[in-house]
Amino acid sequence: MITIIGWLIGLGTFVVLAFLIVHVLLSLLLIVPSWRICERAGFSGLLSLFHLVPVVGPFIVMGVLAFTDWPNGEAPPGKR
């Protein structure tokens, strides 16, 4: 019985570690382009670090970019 409990604890630890590694890699993949978008829009690039917050982080970044006025304004029609 004790070996089964130890095996389950080890498996759980592995699953949590794998989830953490995948989350950090995907967050880093999203941070670079969103950093550039935030800077071009006039926000601090540090806003893109919200991608590191599990589950709700990307929604925070998208919400800020979608529903606030951009300090640099929107690009004129000829510059898109």
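## Contacts and overall form

Among contacts in the chain (heavy atoms within 4.5 Å) between residues at least 6 apart in sequence, 40% join residues at least 24 apart. The structure is a predicted model, in which local features need pLDDT of at least 70 and side-chain atom pairs count only at pLDDT 80 or more, while totals for chains, interfaces and linings use all residues. Residues are numbered from 1 along each chain as its sequence is written, and side-chain values use heavy atoms, with hydrogens and water left out.

The chain has 2 helices and 0 strands; helices (H or I, at least four residues) and strands (E, at least two) are DSSP runs, numbered from the N terminus. The chain is more spread out than a compact globule, because its radius of gyration is 19 Å, well over the 12 Å that the globule rule gives for 80 residues. This radius is taken over C-alpha atoms, and the rule is 2.2 Å times the number of residues to the power 0.38. Along its principal axes, the C-alpha trace spans about 70 × 20 × 20 Å.

## Surface

Of the 80 residues, 18% count as buried. Buried means under 20% relative accessible area, exposed over 50%, and partly exposed in between (1.4 Å probe, protein chains only). The chain exposes about 6400 Å², and carbon and sulfur atoms supply 78% of this area. Accessible areas come from the Shrake-Rupley method with a 1.4 Å probe; for residues, only the protein chains shown count as cover.

A nonpolar surface patch is formed by Ile4, Trp7, Leu8, Leu11, Phe14 and Val15, with about 650 Å² of accessible area together. Patches are made of residues with over 30% relative accessible area and no salt bridge; like charges are joined within 9 Å, and nonpolar side chains (Val, Leu, Ile, Met, Phe, Trp, Tyr) within 5 Å. A salt bridge is a side-chain nitrogen of Lys or Arg within 4 Å of a carboxyl oxygen of Asp or Glu. Isoleucine 4 is in helix α1 (residues 2-41) and counts as partly exposed, at 48% relative accessibility.

Histidine 23 is in helix α1 and counts as buried because its relative accessibility is 17%. Not counting residues up to four places away in sequence, histidine 23 touches His51, Leu52, Val53 and Pro54.

Proline 33 also lies in helix α1. Proline 33 is partly exposed, with a relative accessible area of 41%. Proline 33 and histidine 23 are 10 residues apart in sequence and 17 Å apart in space, C-alpha to C-alpha.

## The loop

Valine 55 is in the loop between α1 and α2 (57-67). Valine 55 is exposed, with a relative accessible area of 68%. Its phi is near 70°, a positive value in a residue other than glycine.
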